[in-house]
Amino acid sequence: MNLDTAAGPVLYLDGVTVSFDGFKALDSLSLIVEPGELRCIIGPNGAGKTTMMDVITGKTRPDAGEAHFGNHNDLTRLSEPEIARAGIGRKFQKPTIFRNHTVFENLEVALKTDKRVFPTVGARPSPEQEARIDEVLELIGLRRKADQKADLLSHGEKQWLEIGMLLVQDPKLLLLDEPVAGMSDEETARTGELLRSLAGRHSLVVVEHDMHFVESIARKVTVLHEGRLLAEGTLEAVRTDSRVIDVYLGR
Amino acid sequence: MTAVTRRLLDLRFWPAPRAGARASGIPESRRMLWIVLGAWLLLAVGVPILHLAVPASSALHLGAYAVTLGGKILCYATVALAMDLVWGYAGILSLGHGVFFALGGYAMGMYLMRAIGTDGVYGSTLPDFMVFLDWKQLPWYWHGSDSFLQQALLVVLAPALLAFVFGWFAFRSRIKGVYFSIITQALTYAFMLLFFRNQTGFGGNNGFTDFKRILGFPLASPRTRAVLFSLSATLLVLSLLGCRLLVRSKFGRVLTAIRDAEDRVRFCGYDPVGFKLFAWTLSAAICGIAGALYVPQVGIINPSEMSPANSVEIAIWVAVGGRGTLLGPILGAALINGAKSWLTVVAPEAWLFALGLLFIVVTRWLPDGVLGLFRRAQK
């Protein structure tokens, strides 16, 4: 599927509202992400960050509002696998990888290719696909561990593998939920480097609590609070915003 | 060589998709292929020779009891293998696999009942139980059941269709884990109750028995017995090779991926429903064929095959042998059923205690089953 972004943003949310038993997890949220942008989303617990990702990936259907991916993909209508195939990759907070497969096999399964049942039975990676996997292995720094069982990787390596699994799908938009949670300082720095190198080729939306990390990668920051957009702008502008100080940074 | 055999022998279809494993993996799998083919020869050719050609006076002679018991165990082993495909590889624990086995058995049983002809107790063209119920003609769903070909198709289609419809609803609704297991248990129980009714038209609680012949060959003859045994061995080996091909393919890797992290598979762009449904339906079809070979060998099929306890026992074979290994469940089925037929003769009241104890020992100390124990000992 080709993503037509000629006339605008990669991701377009307008007035998205989600309620669970009367509680509004998202309250008329609007968000626009441009091609190649690296956007950080911050906000206290319960601000609606995860629900927003659920809406974008089709896991949760909004009660009201629009959600579009490029010009032709209505995210409120497509199923989760369809959205994934359209080019949205999502990294969970807890590393979610196939622990009994090798690193290579994890990437092989994730690889962008025909994902229907019967074509999968006889499928083997073509030389181009193997090259693509190798390229991603290099990028996430796991080439030497390609044949190792994923379960044996360190926490940080698992996070990178998961990012790699998104990359082999050639996503237009990457959603990353707290990608550096539980990482050492060195791993955090390497992850920041990796994400910065991905911006431009992909659009990235990063949900993060670690302000130092946000500082190191952010160009534009969106602050959510109680399901609403509280502030948006450069990190500096957001930091000095009095409403933001009240609900989040000032604590 | 046919195209299929060529494909099976083509080493690229045997494991090792990747460098590190490439060096050691292929010879290992080739050895495995030869071992499997050797075992098949031994069983499918060796046993009939020992039964038919070796005189009864010889110590090497295999009697009717041993051959029938062996054939029965081969059918059980095939069921265990099919169960492993869904439980071990896709993480779907079925506690109702007995229903698929029994449906295949009943489909074959219908043919065998019709093949009795007028040799039954009442000398009627109708099966005895229908005469007993004072039925004057065959119910519509017995139409054409005297055709072996039609019933052979039903052996596969009946369990596969049930599995497909049931699986489609269950997997689409994302029913997983214990909830799925409990529903499968209810499924087999409901079918058992249905088949217990005389009005259902499948012989009620007595089921089908007193079979005389299959395709004109008398079931009591040693030759027929030997052929049925060979067919059971062939079915087991073909199912093993087929399942092995499948789990070693990318399909198998996606299946295990679903077992380990279904959400991630979905976000990778796969719809897990189709993958589960294919493995599930295939598993049911294999069970159906095993049931069809089981019935002429043991000479009876009745609703007790659908009792929940029977299906639980299948799960125990797999757990004891070792989940997710294909070979393990075969071993487990053979060990437990061998022990069962010995113990129920020596000390009948002890069997259920022994089975329970075994289950505790395996779940507590042998999470990878007997095969896991072997592998640990090898290292």
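These questions and answers walk through a predicted model with chains A and B.

Student: Which helix gives the largest share of the side of chain A that touches chain B?
Tutor: The contact draws 28 residues from chain A and 25 residues from chain B. On the chain A side, helix H2 (80-86), helix H3 (103-110) and helix H4 (117-121) each give two or more residues. The largest share is five residues, and it comes from H3(A).

Student: How many residues on that side of chain A are charged?
Tutor: Take the side of chain A that touches chain B by class. Its residues include 11 nonpolar and eight polar. The charged ones number nine.

Student: What are the edge strands of the open six-stranded sheet in chain A?
Tutor: The sheet has the order E6-E7-E8-E3-E9-E10, with mixed pairing. Neighbouring strands are turned by 20° against each other on average, direction ignored. An edge strand pairs on one side only, and here these are E6 (88-91) and E10 (228-233) of chain A.

Student: What angle does the direction of helix H1 of chain A make with that of E7(A)?
Tutor: H1 (residues 49-56) of chain A packs on the sheet. There it touches E3, E6, E7 (173-177), E8 and E9 (220-225) of chain A. With the direction of E7(A), its own makes about 150°.

Student: Is A:Glu226 buried, exposed or partly exposed?
Tutor: A:Glu226 lies in the loop between E9 and E10 of chain A. Its phi is positive, about 50°, although it is not a glycine. Because it has 15 C-beta neighbours inside 10 Å, A:Glu226 counts as partly exposed.

Student: B:Leu215 is not a glycine either; what is its phi?
Tutor: B:Leu215 is in the loop between strand E2 (213-214) and strand E3 (217-218) of chain B. It has 8 other C-beta atoms within 10 Å, so it is exposed. Its phi is positive, at about 50°.

Student: Why is H4(B) described as largely enclosed by the rest of the structure?
Tutor: Helix H4 (residues 98-115) of chain B has 18 residues. It reaches 25 Å from its first C-alpha to its last, close to the 26 Å expected at 1.5 Å a residue. It is largely enclosed because, of its 18 residues, the number buried is 17.

Student: Which residue just after H4(B) takes a positive phi?
Tutor: Look just past the end of this helix. The phi there is about 65°, and the residue is B:Gly117.

Student: At what angle do the axes of H12(B) and H14(B) cross?
Tutor: From H12 (residues 327-346) of chain B, the contact uses B:Leu327, B:Gly328, B:Leu331, B:Gly332 and B:Leu335, and from H14 (residues 369-378) of chain B, B:Gly369, B:Val370 and B:Leu371. By class these are five nonpolar, three polar and no charged residues. The axes come within 7 Å and cross at roughly 115°.

Student: Which residues touch the most other members of the largest nonpolar core?
Tutor: In soluble globular proteins, nonpolar side chains tend to be buried together. The largest nonpolar core here has 171 residues. Beyond four places in sequence, B:Ala80 touches residues including B:Ile314, B:Trp317, B:Val318 and B:Ala333. The residues that touch the most other members are B:Val79, B:Ala80 and B:Ala290.

Conventions:
Residues numbered from 1 in each chain as written. Chains lettered and ligands numbered in written order. Predicted model: local features only at pLDDT ≥ 70, side-chain atom pairs only at ≥ 80, totals over all residues. Contact = placed C-beta atoms within 7 Å. Helix = DSSP H or I, 4+ residues; strand = E, 2+ residues; numbered from the N terminus. Nonpolar A, V, L, I, M, F, W, Y, C, P; charged D, E, K, R; others polar. Axes fitted to C-alpha atoms, helices over the stretch in contact; angles between N-to-C directions. Core = buried A, V, L, I, M, F, W, Y, C linked by C-beta atoms within 7 Å. Buried ≥ 20, exposed ≤ 12 C-beta atoms within 10 Å, placed from the backbone. Pairing = 2+ DSSP bridges. Expected span 1.5 Å × (residues − 1).
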